[in-house]
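Try each task before you read its solution.

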Amino acid sequence: MNNLASDCLFCRILEKKVPSKKVYEDALCYAFEDINPQAPVHVLVIPKKHISTTLELAEGDNALMGRLFQTANQIARQKGIDQRGFRLVMNTNPEAGQSVYHIHLHVLGGRHMHWPPG
Ligand code: AMP
Ligand code: ZN
């Protein structure tokens, strides 16, 4: 038994059963281009461990969550949007618009972001 959920799209991406455009990878995290980008830069950063929503986060995941944010910063620098600005979003459950139940940090940038979000 591993920590991948076979019916989870992002676990299938981690297993390379579904293709993705890799942006970054290390032992704990994977980042790839969003298939339906909502901004000139739209990258998803996911933990390699399957966690379905932020509500499932445990004490032991605190360092992992920090790593997701550090990775997002690194991607923002790499894409040249760090100083202009970028938005990090993690949607939880249907009303927030979560459609894939494997937590993912959206890294959005390259255009002016509106507030409040839609
Ligand atoms: P959310 O709606 O917050 O759960 O975000 C899910 C994101 O995953 C959306 O922005 C989708 O465009 C993106 N997505 C869905 N399928 C794929 C895929 N096969 N490869 C890359 N991104 C995907
Ligand atoms: Zn998963």
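A residue is near a molecule if one of its heavy atoms lies within 4 Å of it. This is a predicted model, in which local features need pLDDT of at least 70 and side-chain atom pairs count only at pLDDT 80 or more, while totals for chains, interfaces and linings use all residues. Residues are numbered from 1 along each chain as its sequence is written, chains are lettered from A and ligands numbered from 1 in the order in which they are written, and side-chain values use heavy atoms, without hydrogens and water.

**Exercise 1.** Describe the surroundings of ligand 1.

Step 1: list the neighbours. Ligand 1 is surrounded by 17 residues, and the closest are Asp-34, Asn-91, Gly-97, Ser-99 and His-106.

Step 2: look at N and O pairs. The side chain of Asp-34 has an N or O atom 2.5 Å from an oxygen atom of ligand 1. For the side chain of Asn-91 this distance to a ligand oxygen is 2.9 Å, and for that of His-106 it is 2.9 Å.

Step 3: check the cover. On its own, ligand 1 has 500 Å² of accessible area (Shrake-Rupley method, 1.4 Å probe), and the protein covers 84% of it.

Step 4: assign the shell to elements (DSSP runs; helices are H or I with at least four residues, strands E with at least two, numbered from the N terminus). H1, strand S2 (29-33) and S3 each give two or more residues, and H1 gives the most, with three.

**Exercise 2.** Work out the geometry of the zinc ion (ligand 2).

Step 1: find the protein donors (N, O and S atoms within 2.8 Å of the metal, or 3.2 Å for Na, K and Ca; water is not among the atoms, so sites may look incomplete). They are Cys-8 (SG), Cys-11 (SG), His-50 (ND1) and His-102 (ND1), at 2.0 to 2.3 Å from the zinc ion.

Step 2: read the angles. The four donor atoms subtend 106 to 117°, so the arrangement is tetrahedral (all angles between 85 and 135 degrees).

Step 3: read the spacing, which is C-x2-C-x38-H-x51-H. Cys-8, in the segment before helix H1 (9-14), and His-50, in the loop between strand S3 (41-47) and helix H2 (62-78), are 42 residues apart and link distant parts of the chain.

**Exercise 3.** Is Cys-8 buried or exposed?

Step 1: take the cut-offs: buried is under 20% relative accessible area, exposed over 50%, partly exposed in between (1.4 Å probe, protein chains only).

Step 2: apply them. Cys-8 has 6% relative accessibility and therefore counts as buried. His-50 has 23%, so it is partly exposed.

Note on methods. Four donors count as tetrahedral if all angles lie between 85 and 135 degrees; four count as square planar and six as octahedral if opposite donors are over 155 degrees apart and all others between 65 and 115; anything else is irregular. A polar contact is a pair of N or O atoms within 3.5 Å; within protein, one must be able to donate a hydrogen and the other to accept it, and residues adjacent in sequence count only if both atoms are side-chain atoms.
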